[in-house]
Structures are given as C-alpha cells and as structure tokens.
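This briefing concerns the structure shown below.

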Amino acid sequence: MPDPVPTAPSSLREVLRDVGARLQQPAENLRQLLQDVVARAVTAIGAAEGSILVPDEQVNHLRFLVAHSPTSTKLVGLRVPISGSIAGYVFGTGQMMAVGDLAEERTPQFYAEIDRQVGVATRTYLVVPILFGSRVGGVATYVNRLGQPPFQPFQKHEMELARGFAGLEGLLLRYLDRSNQLSRLAVHDLQALETRMPGAALPDAADPWARVLQTLDSLPDDDQALCADLVGLIARRQKNEQ
Amino acid sequence: MTNLDFDKLLHAPTLRDALVHATGKGVNVALLDTGIDETHPDLHGAVIQAVDVVSEPQGAYCREVNTSLLSPSELDPVGHGTACAGIIHAIAPEAKLISVRVIGASAAGTGQQFVRGLEWVLEPHDVRIHAANLSLGTLESRFAVPLRRLVDQAYFQGVILVAAGNNMGMPSYPAIFPSLIAVDNEAYSDPMSFEFRVGNVLELSAHGIYVRAPKAGGGYQLWTGTSFACPHITGLVARLLSINPALTPFQIKTLLHALRANRKGQEERKT
C-alpha cells in the first residue's frame, strides 16, 4: 500500500493568499496617490471638480479612473465615447480644449450624458491630454471654474498649470499601469506556485495563457520588463474573452 | 496698392498704411485641416477648391471634392477647419481659401496624410497657392525628415507656411523648423495683436484664447489653442501678400517683426 500523498498545510495556502492580496497594494496606493494629485490640481487651478479618464477596455471609450468631486463615487467607472465627447476629442487629437460657457456655446462635442447621470451642470470646462512620450495615455478634466456667475472661463495661466499637472499625472499613470501588470503577473505566479504544491490539481497545460506566462517566468528580469506591455495586452484580451 | 516695394514697406508708417487697406485680394491660402464648411454664412464664396487626402495601406493620395454635393457635417465633421478658415477670412476677407482635408472625422489623421497634403500644396496647380495654414502637427519623429524637406521646399518656392505649435509645449513637427512661421497662443485684448519672440522655437505668439469663430453647421463657438492663434497670423500674411505677392518667406517674417506689438516702448497688450 503506497504512502498517502502529503497535502500542503492550509497555513501555507493562507500565506500565499495574503501575499497575493498585499501584492495588489502598490497599485491601490498609486491610484490613491493619483487621486490626491487630482485633488491638489483642482484646488490649485481653482475648479469645482476634476478627474482623469483613461482608455477603457471597451474599445472607443474612455472611463473615469479617479475624480475629485462631490459625485466622485458615481463618476469613477463611468464611460464616455471617444468619438462624441470633448474628452475623447482631446484624447484623439492630443490638444487641449477649453470651453468658456457650455450652455451658451452648445459645443457639439460635449457628451451631456455624464452630467445627467451624476447630476452636475457643466458650464466651464478645461480638458488637457496626459502624454506618455508622443502618445496620449489619458486626459485630465477640470469642471466649473470657481467664482460667481456669469462664469469666468479658465484663464491662460490656469491652462499652463493644468499642463504642468498633466506631466506629473502622466508619470503616475505609467507607474500605475506597470504596477497593475505586475500585480496580474504576481497573481498568476502565486496560482502556479499553489498548483505545484503536493496534493494540488495539475494545471491545465493546454491553457495558452498559462503556457505564455510559464515561458515568461523563465526569462531574465530585463526581458520580463520588456514584455510587460505585451503581457498587459494579453491579460486584457483574456479578461474580455472570459 | 499692390506691389509696394519691400524696402518702402520697411518704413513702418508705409507698412501700417498699406495694411489698413489690404484685404488679401489676389491671394490664395490653403488650409491643411478637417475640411471647411463653406455653407457657413461667414464663408460664402471664400472657398474655391477642396481636396481630400485619403490614407490607404499603399500610401496616401489626393482627390478633388465636389463640395456642392456635401452637407456641412460632411464638409467638416469636426469644425476645426471651419473655425480656422473663419479667422483667416475675417482678417483677409478677399483672400481665397483652399481646403486640403488631412484630418478625418475622428479629429485625427496620419502623418502620411499630412505629408501628402503638404506635397500637394507645393505641386503646380492652375491656381497658385501663396500661403498655407498648418493648425496641426505631429510628435512622431519619423515624419520629421519628410516634413523638413517639404518645409524647406516651400521656403525656396516662396510659399509662406504658418504652423501652430503644440499646446502642451512638446516639440512638434513642423512647427519647430525655423524656415516657416511658428505660432504660440496668448490672450490679447486686441485680436490683431501679436508678439515676436526672437530666439524661441515658436517665434510668434498671437491671440488664441477663447477666439470666437464660425462653427461648422452654423453659429459660432469660442475656441482655445495654438490652432486658432495660427490663422490670425496667416490672415495677416495674406494681407501682406496682397500688398506685394512676390514677398518671400524671409521678407514676410521681417515685416511681421516690424509689426510686432512687443516693440520697445510699446505698452503691454496682453490681458
């Protein structure tokens, strides 16, 4: 009679799961840092609200990533179409846009649905692109310049300030993107580790994602970093297909 | 009024006098942009030709457009070109405009389209193109060489190129090339005011904050950005060319320098 196969102690599995959860912290910390920067930018520029939008997994849309606003809990996660919104226009062109009075100008690109969903009336609006080198990685928005009506539009020095903050926000967005990719890799690594424990079910070797990541595991650190963008793309597609 | 000698024009009172009466008559200006809604009341009769630059895998090509068959949203789905055309037309009402559409409905175009559009401007045509407004640019360095070649070609051909700098302060092509006139935006109480900043990559700054300009489909909108400062200078260039169509790019820059608002002793005109 063969000896029974020993199983991994449940305490080890708990540690693995705890490590997995803690490895998500850097991304969450960066997101919170970005939120703080947006809050400070809004105050410095003198707007009532502000936010950052990034490309959504749903193609041709941007989504609110962070927001500093009385309605921020409603805003985060909402989507706007790239074609058919001022934020999308700025994302597509890489050029900022300032609207002096939306009600008066009836700017055709303005996507009014967000105002309806969160219960805000946008009057003055400033949107600046967030650049990653020569590529637009997102947009920063500033809504309703503070002051008494008739509303004063955002001024040149405020646009310059927004441009400056966009540089910092671009750095943080890049770090956040890398951090999210590393977190996903880490989760997969931990799952793979768990499957190699005694008594664990064998991984599905036919799963192409598992094969790709197992191959990446064997690469040196520098090559893994080079593959980070590709891994992130694969992870997003995998998620969409599920 | 026409063909005033350049040396005479350098005498500032003569220049200012001449400019008061200049309308851009006899000057043709190309706009590389999103198209022009020529049905807008402000632009009736101003647009004499329209060309689309189409991008395909094997390359970009130009095709003439019969604008009489198109609606305002088809003529300019974005509105950017119509606004720029309106600004030029307001400053040089008798200059004729040629639409060279290099940016599509998504407000983006390819570098290939841009290069091909500029090539088209510099090719011989029945109608001579004296100047081109480039309220666009690319950050991609792979287009730097072909754009530099074309900008220099324009310089030697005597076609005046006026280009908008990047709104985010990034080095953008072709605005960074010195053989054209590059424009940054500022707020001026007088929309015709501009400054010359010797030593800057963007040598001129013109009114580009909340500029009231025609909206495609009718009406007006306030526009902000270097895109809308650029046509202020293009309009002024058209007026200068109507005084003397043989003015070279170098001479035009010299005259702009003479007209600048930030001369010594000149009071501050910024808002």
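Helices (H or I, at least four residues) and strands (E, at least two) are DSSP runs, numbered from the N terminus. The model is a predicted one, in which local features need pLDDT of at least 70 and side-chain atom pairs count only at pLDDT 80 or more, while totals for chains, interfaces and linings use all residues. Residues are numbered from 1 along each chain as its sequence is written, and chains are lettered from A and ligands numbered from 1 in the order in which they are written.

**Backbone geometry in chain A**
- Asn144(A) lies in strand β6 (residues 135–145) of chain A, and its phi is positive, near 55°, although the residue is not glycine.
- Asn144(A) is buried because 21 other C-beta atoms lie within 10 Å; the class requires 20 or more such atoms, whereas 12 or fewer make a residue exposed and counts in between make it partly exposed, with C-beta atoms placed from the backbone.
- Asn60(A), also not a glycine, has a positive phi of about 70° and is placed in the loop between β1 (47–55) and β2 (61–68) of chain A.
- Asn60(A) counts as partly exposed, because it has 13 C-beta neighbours inside 10 Å.
- Most residues other than glycine have a negative phi, and most peptide bonds are trans.

**Overall form of chain B**
- Chain B contains eight helices and 11 strands, and its C-alpha trace spans about 55 × 40 × 40 Å along its principal axes.
- Of the 271 residues of chain B, 53% count as buried.
- Among contacts (C-beta atoms, placed from the backbone, within 7 Å) in chain B between residues at least 6 apart in sequence, 73% join residues at least 24 apart.

**Local features of chain B**
- Tyr173(B) and Pro174(B) are joined by a cis peptide bond with omega of about 10°, and Pro174(B) is in the loop between β6 (160–164) and β7 (181–186) of chain B.
- Ser68(B), in the loop between β3 (59–64) and α3 (72–75) of chain B, counts as exposed because it has 7 C-beta neighbours inside 10 Å.

**Contact between chains A and B**
- Chain A gives 18 residues to the contact and chain B gives 19 residues.
- On the side of chain A that touches chain B, the largest share, three residues, comes from α4(A).

How values were computed
Two residues are in contact if their C-beta atoms, placed from the backbone, lie within 7 Å.
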